[in-house]
Amino acid sequence: MGYHADLVSLCLRPPVAPRCLPALQVAALQRQIFDFLGYQWAPILANFLHIMAVILGIFGTVQYRSRYLILYAAWLVLWVGWNAFIICFYLEVGQLSQDRDFIMTFNTSLHRSWWMENGPGCLVTPVLNSRLALEDHHVISVTGCLLDYPYIEALSSALQIFLALFGFVFACYVSKVFLEEEDSFDFIGGFDSYGYQAPQKTSHLQLQPLYTSG
């Protein structure tokens, strides 16, 4: 238990934090790949924004910009809400239904999650001459899955929520450290505390009177 606590405290230190932050969010890249394969346009857009926010957080950590870390923390709140919605969607909580709502594709196609046909142990069998088949579409039967795709998507979103909570703690802690350092520097007064003034440039050109003969 002490080892994990030391590891967390090490990641929260600003010099080491830039290495821990992308390592914690590497799951977003993995998720982006599978969403591309499944033509899930809404998650693709959200993942892209999340990756941009991670880059912003890394830049804020390296450059000691507390404002960027605050923006990163604010985005993580939205990211947690989005992943909570995905969990509710795939588990069909309330009035949500995968057969009726095609939110993930912006209602542009009938594509489902990539894990629907490529999940662990899944056996895909085409259904020929099905009356349910629409134009330019085919009906398949998926059997034998060790874990159905809604649960895989829900677990993936749950992992993102866990990483987002860790990233939120990181962003709040490091931004607090940066703000305290800025306040302490302002309290000291920077260069003004010792009456420091920038040297003024003086001209060595001397003006000589000009005499003219009348």
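My entries follow in the order in which I looked things up.

**Ground rules.** I am working with a predicted model, in which local features need pLDDT of at least 70 and side-chain atom pairs count only at pLDDT 80 or more, while totals for chains, interfaces and linings use all residues. I number residues from 1 along each chain as its sequence is written, and side-chain values use heavy atoms, with hydrogens and water left out.

**The chain.** I found seven helices and two strands, taking helices as DSSP runs of H or I with at least four residues and strands as runs of E with at least two, numbered from the N terminus. Along the sequence I read the pattern α-α-α-α-α-α-β-β-α. Of the 214 residues, 32% are buried, where buried means under 20% relative accessible area, exposed over 50% and partly exposed in between, with a 1.4 Å probe and protein chains only.

**The record.** In UniProt, an unreviewed entry places "transmembrane region" at residues 41–62, 69–92 and 158–179; such annotations may be inferred rather than shown by experiment. In the model, residues 41–62 are 100% helix, with end C-alpha atoms 32 Å apart, and residues 69–92 are 92% helix, with end C-alpha atoms 34 Å apart.

**Cavities.** I counted two cavities of 30 Å³ or more, a cavity being a set of points on a 1 Å grid over the protein atoms alone where a 1.4 Å probe fits but cannot get out, with lining residues having an atom within 4 Å of a point. The volume is the space filled by probe spheres set on the points. The largest holds about 80 Å³, and its lining includes Gln-40, Phe-89, Tyr-90 and Met-104.

**Aromatic rings.** I counted 11 aromatic pairs, using rings of Phe, Tyr and Trp (its six-membered ring) with centres within 6.5 Å, and calling planes under 30 degrees apart stacked, over 60 edge-to-face and the rest tilted. Trp-114 and Trp-115 have ring centres 5.0 Å apart and planes at 75°, so I noted the pair as edge-to-face. Trp-114 counts as partly exposed, at 24% relative accessibility. I also noted one aromatic cluster formed by Trp-82, Phe-85, Phe-89, Tyr-90 and Tyr-149.

Methods
On a 1 Å grid over the protein atoms alone, a cavity is a set of points where a 1.4 Å probe fits but cannot get out, and a pocket is an open set with protein on both sides within 12 Å along at least five of seven lines; lining residues have an atom within 4 Å of a point.
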